[in-house]
Amino acid sequence: MTEKPVYSRILLKISGEALAGDNGFGIDPEMIKKIAAEISDVVKSTNVEMAVVVGGGNIFRGIAGSAKGMDRGTADYMGMLATVINALALQDAVEKFDIETRVQSAIEMRQIAEPYIRRRAIRHLEKGRVVIFAAGTGNPFFSTDTTAALRAAEISADAILMAKNVDGIYDSDPAVNENAQKHEALSYIDLLNNSLRVMDFTAVSLCMDNKIPLKVFAVKKEGNIKRVLLGEDIGTSVS
Ligand code: UDP
């Protein structure tokens, strides 16, 4: 039976951190299987068109490389390659659930992924395939959050679903401050004015300019992707 989602086309952003599970580094096979199972369940039960942007912070972050003396551009390309590793892992995991997928890479790697072609990505989505966007924007000095905002605008996604290790946006870091308060709803201007770093400012301004709603929620709790899709108010909404 299909359930009625509140969005028909979404962009799911999965941070590298989320793929690492409790290990904090690399890919946790249980975690990726769990995320893939949820993606499969959501696609099969709601028929939502789903594109995914994966991060790479569980493997390499450009900024960390440059802090240790690497050239920032080179380090960022390494970060983008990290996202390709995650994308292939996610593709493999999702296909185990009999869902068709395509990986599209912003850096050409013909042997392992299609190049990013906007109209082709949209066609895949219309055919019910999960499209995984790899290699970020293809440009150093950007993030995969900005990639999520950019690709969401390009494919006219109804919303960005941001699957994180934390269950929403707080007024201070909940890992440090036990009295941190979770926001239920915010505007993009609030994020900028209060320096709430849920995503970088480039990503925030792209979302704001293009009026893309954002839902931030915890990936660890089973069924959360579907809850958001069915319109439940979990996590934090930004519009
Ligand atoms: N990156 C980049 N350009 C992009 C997207 C990503 O240079 O358009 C690099 C950057 O070095 C970043 C790394 O890829 O640190 C991994 O992405 P990100 O930190 O956004 O991953 P996440 O925090 O979501 O795991």
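The structure is a predicted model, in which local features need pLDDT of at least 70 and side-chain atom pairs count only at pLDDT 80 or more, while totals for chains, interfaces and linings use all residues. Residues are numbered from 1 along each chain as its sequence is written.

**Annotated domain**
- The unreviewed UniProt entry also lists residues 9-217 as "domain: Aspartate/glutamate/uridylate kinase".
- The span of residues 9-217 is 42% helix and 19% strand, and its end C-alpha atoms lie 18 Å apart; helices (H or I, at least four residues) and strands (E, at least two) are DSSP runs, numbered from the N terminus.

**Shell around the ligand**
- The ligand is surrounded by 23 residues, the closest being G55, G57, G62, G79 and G136, where a residue counts as near if its C-beta atom, placed from the backbone, lies within 6 Å.
- At least two residues of this shell come from each of α1 (16-20), α3 (62-67), α4 (72-95) and α6 (144-154), and α4 supplies the largest share, five residues.
- By class, the shell has five nonpolar, 14 polar and four charged residues, with Ala, Val, Leu, Ile, Met, Phe, Trp, Tyr, Cys and Pro taken as nonpolar, Asp, Glu, Lys and Arg as charged, and the others, Gly among them, as polar.

**Helix packing**
- Helix α2 (residues 29-46) packs with α4 at an angle of about 55 degrees, their axes 8 Å apart; axes are lines fitted to C-alpha atoms over the stretch in contact, and angles run from 0 to 180 degrees between N-to-C directions.
- The two helices α2 and α4 are therefore oblique to each other, given that angles under 35 degrees count as roughly parallel, over 145 as roughly antiparallel, 65 to 115 as roughly perpendicular and the rest as oblique.
- I32, K33, A36, I39 and S40 of α2 make the contact with A89, L90, A93 and V94 of α4, two residues being in contact if their C-beta atoms, placed from the backbone, lie within 7 Å.
- The residues of this contact of α2 with α4 comprise seven nonpolar, one polar and one charged.
- The axes of α6 and helix α8 (residues 201-209) come within 7 Å and cross at roughly 20 degrees, and α6 and α8 are therefore roughly parallel to each other.

Conventions: UniProt positions are given in the numbering used here, feature names are shortened, and annotations may be inferred rather than shown by experiment.
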